[in-house]
Amino acid sequence: MKESVNKPILAVGPFHPLQEEMEYFQLTVDGEIVTDIDVRISYNHRGIERLSETLQYDQIPFLVSRICGICSASHPLAYINAVEEIAGITPPDRALYVRTIINELERIHSHLLWVGLGGHFIGYDTVFMWAWKYREPVLDLLEAITGNRNNYGNVKVGGCREDIPNELIPKILKELDLVEKKTDMLTKAILDDPVLHVRLKGVGTLSKEDAISYAVTGPTARGSGIAIDVRHDDPYAAYADLDWKVITQTEGDVFAKAVVRLLEIFESIKMVRQALKKLPDGPIAVEVKEIPPGEGFGRAEAPRGETFHYIRSDGGNRPVRHKVRAPSYVNVPSFKASCIGQHIADVTLTLAAVDPCYSCTERLAVVDGRKNVVHDYDALLRLSREKTARIKKEIGVPEIKLEDF
Amino acid sequence: MSWKIWSLKKSVWVFHVNTGACNNCDIEIVNLLTPRYDVERFGIKLVGSPRHADALLVTGVVTAQAAPRLRELYRQTSKPCVVFAMGACACQTGIFNGAYHVVGPVDKIIREVDPNAIIAYVPGCPPKPEAMISGVVKALSIL
């Protein structure tokens with residue numbers, strides 16, 4: 001009997017616990033240690049690029065915002081950047097600022113969502129509940145501006161659909177103060193927590209060299225010490241007018257990615273404040289007659305990394321080619337570098353650290369080796385939580401009381 | 001009312017299935033568990049296995065790859081089981097209608113397995129958490 005047959009293979013997916021698409025990870029494990037990982041995607045393939053070629057330019061933003069519900073402001077913005085490049089349209093300044101504000105609000109809620117889920121996966125449900133509670137006011141703001149909690153559908157070629165009414169600005173600022181205060185408390189609680197330090201540091205490390213060779217983007221790259229950010233490197237919307245800095249950490253482990261995301265929330269809050277202060281008066285859209293033949297690309301920094309859209313037009317009212325490159329597509333293969341050599345208990349967290357969307361309720365199918373090793377998702381979650389509890393015991397952490405905060 | 005239905009209506013345990021959704025309905029479903037909505041007050045709880053579930057919350061268009069898995073999941077649930085089609089995509093494939101990899105909607109796939117399945121629809125893109133709670137309550141109150 002070959003040796004490889006004896007090694008248990010652990011299947012993660014296709015109804016995958018942590019990724020936004022249904023994905024299938026096949027982990028080859030040796031005892032507790034992961035020795036290899038294989039990725040298969042396309043379960044969630046809906047044929048969006050093909051469908052997009054059957055829709056008109058004005059209809060496509062609604063479709064591309066449904067590529068990912070959490071990046072539902074970034075994808076349309078990248079698409080719009082591409083179309084406006086073809087047509088040579090310059091939208092009014094107010095539209096650029098409105099786009100910026102909505103994108104940054106989206107980033108705040110997305111990063112808080114990730115922080116919560118990260119806590120959930122290591123068995124720290126307090127973090128989960130807090131982060132998701134403080135995320136709600138941001139969703140309320142988005143609903144007040146665009147009319148929907150997610151899937152804003154607010155951009156169109158040449159401008160925006162919905163304006164931010166000036167009466168709403170004091171309310172947005174007030175809510176942002178509240179969100180900032182609570183996030184500050186949450187950040188301090190997370191950064192000072194000895195359990196999280198032990199549990200997250202050195203886990204799923206992606207070195208700078210690996211990060212470059214896998215071409216990862218977004219917080220995954222910034223957590224490994226690479227300061228790339230489309231908002232900074234190739235400013236679109238109103239980012240060039242705002243004063244902010246790119247957050248990087250050098251360690252590359254899950255803790256570094258968490259720190260990057262938490263600190264980015266404050267940068268985003270800062271940006272929204274500045275944008276609201278500078279918000280120019282005027283119209284929010286220009287009239288667009290037709291899209292000339294040509295090709296263009298647009299980029300936007302989604303909460304997970306760079307989103308790239310390519311459009312080719314033949315002068316008709318539909319694109320002849322629409323190509324989308326989403327951030328997860330480049331971030332997912334980096335598991336090959338970050339998961340191998342890790343404990344099984346850390347894999348759920350490492351997978352979550354790259355792409356923090358919660359897509360489906362957890363389920364791990366079982367593919368056993370000859371030994372009938374059965375690990376379903378609950379077992380993995382239990383392993384992960386037991387490790388946290390064990391570490392807590394070892395370092396003698398007192399139970400955190402709610403009234404301390 | 002049979003005792004089976006009576007017992008189903010108390011403390012519904014739900015299993016959440018993503019069959020090709022864009023994630024929006026999914027995060028709103030998770031949102032139900034968090035402090036603002038907190039449906040665990042009513043005994044509604046997300047469980048990790050379809051065998052423990054009284055209801056399936058299905059989101060998404062049902063892609064060709066997800067369809068056999070959805071059928072299998074439905075077979076694994078204990079009956080009677082209420083299927084909730086959450087969101088426009090699950091109700092009638094929504095904006096993805098006509099795409100080549102979409103074989104849904106959800107009710108079509110479920111009825112292939114069980115023609116008498118109990119299916120409730122909660123439209124919206126995504127439905128607000130309040131709408132989801134309202135849908136679940138309405139469906140259970142007419143059973």
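Start in chain B of this predicted model, where Ala67(B), Leu70(B), Arg71(B), Tyr74(B) and Arg75(B) of helix α3(B) meet Ile109(B), Ile110(B), Glu112(B) and Val113(B) of helix α5(B). Sort the residues of that contact by type and you get 6 nonpolar, no polar and 3 charged.

How do the two helices sit against each other? Two packed helices are described by the angle between their axes and the distance between the axes. Here α3(B), residues 67-76, and α5(B), residues 106-113, pack at about 55 degrees, with 9 Å between their axes. That angle is why α3(B) counts as oblique to α5(B). As for handedness, α3(B) passes α5(B) in a right-handed crossing.

Now follow Tyr74(B) out of that helix pair. Besides facing α5(B) as part of the α3(B) contact, Tyr74(B) is touched by Leu56(B). Leaving aside residues up to four places away in sequence, Leu56(B) also touches Phe15(B), Val17(B), Leu73(B), Thr77(B), Cys81(B), Val83(B) and Phe84(B).

That brings us to the nonpolar cores. In soluble globular proteins, nonpolar side chains tend to be buried together. The largest nonpolar core in this model has 131 residues, and Leu56(B), Val58(B), Phe84(B) and Met86(B) are the ones with the most contacts inside it. Those four belong to chain B, yet the largest share of the core, 14 residues, comes from helix α5 of chain A, residues 93-121.

Chain A has 16 helices and 8 strands, and 53% of its 405 residues are buried. Take the contacts in chain A between residues at least 6 apart in sequence: 71% of them join residues at least 24 apart.

Is Thr307(A) buried or exposed? Thr307(A) counts as buried because it has 30 C-beta neighbours inside 10 Å, where the cut-off is 20 or more. Which residues does Thr307(A) touch, not counting those up to four places away in sequence? They are Cys71(A), Ser74(A), His75(A), Ala78(A), Arg299(A), Ala300(A), Ala302(A), Ala326(A) and Pro327(A). One of these, Ala326(A), is 19 residues from Thr307(A) along the chain, with 4.9 Å between the two C-alpha atoms.

Notes. Residues numbered from 1 in each chain as written. Chains lettered and ligands numbered in written order. Predicted model: local features only at pLDDT ≥ 70, side-chain atom pairs only at ≥ 80, totals over all residues. Axes fitted to C-alpha atoms, helices over the stretch in contact; angles between N-to-C directions. Helix = DSSP H or I, 4+ residues; strand = E, 2+ residues; numbered from the N terminus. Parallel < 35°, antiparallel > 145°, perpendicular 65-115°, else oblique. Left-handed = near helix turned anticlockwise from the far one by under 90°. Contact = placed C-beta atoms within 7 Å. Nonpolar A, V, L, I, M, F, W, Y, C, P; charged D, E, K, R; others polar. Core = buried A, V, L, I, M, F, W, Y, C linked by C-beta atoms within 7 Å. Buried ≥ 20, exposed ≤ 12 C-beta atoms within 10 Å, placed from the backbone.
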